[in-house]
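Welcome, and thanks for taking a look.

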Amino acid sequence: MNKLPPLLGCIADDFTGATDLANILVRGGMRTVQTIGVPPAGLAASLDADAIVIALKSRTAPVEDAVAQSLQALRWLQAQGCTQFFFKYCSTFDSTAAGNIGPVAEALLAALACDFAIACPAFPGAGRTVYQGHLFVNQRLLNESGMENHPLTPMRDPDLVRVLQSQSQAKVGLIAQPAVAQGAAGVRERIAALRAGGVRLAIADAISDADLVTLGEACADALLVTGGSGVAQGLPANFRRRGQLRGSDAAQLPRIDGPAVVLSGSASKATNGQVAAWLASGRPAFRIDPLALARGEDVVGAALAMAAAGETALVYATSSPEEVRRVQAELGVARAGELIEQALGEIAARLRERGTRRFVVAGGETSGAVIQALQLQALRIGRQIDPGVPATQSLGDGPALAVVLKSGNFGSEDFFDKALQHLDGAGA
Ligand SMILES: Nc1ncnc2c1ncn2[C@@H]1O[C@H](COP(=O)(O)OP(=O)(O)O)[C@@H](O)[C@H]1O
Ligand SMILES: O=C(O)[C@@H](O)C(=O)COP(=O)(O)O
């Protein structure tokens, strides 16, 4: 079959968030490729997909950088022929006080000569719902969910209309639940009224997947949609209704054989549980000691000796919050993170040289560091392993790798084993 231009062009503000979005699109039947930054010219021709997700690292970048990166991504996606665009941010609306959600959304609207976009981070499957413009994480308001203590993007106001307005020049409004409950026509009517009143961005309520599907349907003709991965659930059906999807199994990936490794640099609660489960099973594991790294000891060499020994090993820096605080107090937050990320990246690159072909990685920043160390340019997205986490396969130069990128708080307790078994399965 001849290669057709992609339909949906997505810009994600971090790596694991991009994978989460891509997973939703694949589940909706869109063949999806995630690129690591804006792809180099040579790669574009080989990307055959219904949706392309460009993974940026712009969530906490200075506003001007985030806007410039996002506009560059938009121009590239436009050049590929995409007809609709999606700006993906976190389901907990993670943003610095100055931005970047408002400024990037406004810059994309301006570049598309478009005057309106919805903003909906809801992802009920992961416990994130929006009601009367207020974001809940499980049963708690955003500002009482733990997100108020996030080291980089503390979220201290659950009223997203107010949060987005504080970051935006444009007028921000609300598409509240009663309009969403009336279906796509009700939402479109509300959007028309908001536009007539000069509103350019509107937080949309959604407390169920059905609400997200309604919003997706209402946005069938919108040039720009913004939100978490959840709201993308409603988009593939629009392309299917128009007969634009080719119907083959979007999640099909060839199986990749070869040694595997699990690398964990996430210190989130879910990852701590997953590491504990692996250790309890008595499987090989090597703990990265950040203080030993800071002393210049050959931690990487010792980790490689274990990870390349045969049986699949876990290499982890994951620790309890108290231990992380102790290390950060000694080394500083940034230096501790950099030392660990650099070590895990180097371990990944050296293991690949020794034949490792399957990588399971835990942590958003950690995934960024590992993908960059492996110099991967793009990933084709396969089947979901757990909500928000699909199997992927590297595209581009060098031997293909099977890669799983897990956001810190995603995945069941036995996730590492589950991911490895998934990669073992035929057509993972
Ligand atoms: N034991 C530790 N001490 C200090 N920092 C740590 C430790 N373990 C992990 N980190 C750092 O914490 C950060 C975790 O971020 P990330 O990889 O994005 O995970 P998550 O997705 O859970 O937020 C990384 O920069 C990592 O290097
Ligand atoms: O929307 C979400 O929750 C995720 O896709 C996401 O962006 C998570 O970010 P990290 O926790 O930094 O991986």
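This is a predicted model: local features need pLDDT of at least 70, side-chain atom pairs count only at pLDDT 80 or more; totals for chains, interfaces and linings use all residues.

Let us step back into the helix itself. H10 covers residues 269-280, 12 residues in total. From the first C-alpha to the last, H10 reaches 17 Å, close to the 16 Å expected at 1.5 Å a residue.

Which residues of H10 are buried? They are Thr271, Gln274, Val275 and Trp278. Seen down the axis of H10, these buried residues fall within an arc of 95°, so they line one face of the helix. An α-helix has 3.6 residues a turn, so residues three or four places apart point the same way. On the other side of H10, Ala276 and Ala280 are exposed.

## What covers the buried face

## The largest nonpolar core

Now for the largest nonpolar core, which holds 136 residues. Leu215 and Val315 touch the most other members. Helix H14 (residues 333-353) gives the most to this core, with eight residues. Both domain 1 (8-241) and domain 2 (260-424) supply at least three residues each to this core.

What is Leu215 in contact with, leaving aside its neighbours within four places in sequence? Its contacts are Ile118, Cys120, Val180, Val187, Ala204, Ala206, Val231 and Gly234.

Technical notes:
Residues are numbered from 1 along each chain as its sequence is written. Chains are lettered from A and ligands numbered from 1 in the order in which they are written. A nonpolar core is a set of buried Ala, Val, Leu, Ile, Met, Phe, Trp, Tyr and Cys residues joined through C-beta atoms within 7 Å. A residue is buried if 20 or more other C-beta atoms lie within 10 Å of its own, exposed if 12 or fewer, and partly exposed in between; C-beta atoms are placed from the backbone. Helices (H or I, at least four residues) and strands (E, at least two) are DSSP runs, numbered from the N terminus. Domain bounds come from an automatic or database domain assignment. Two residues are in contact if their C-beta atoms, placed from the backbone, lie within 7 Å. The expected span of a helix is 1.5 Å times one less than its number of residues. The arc is that of the directions from the helix axis to the C-beta atoms.
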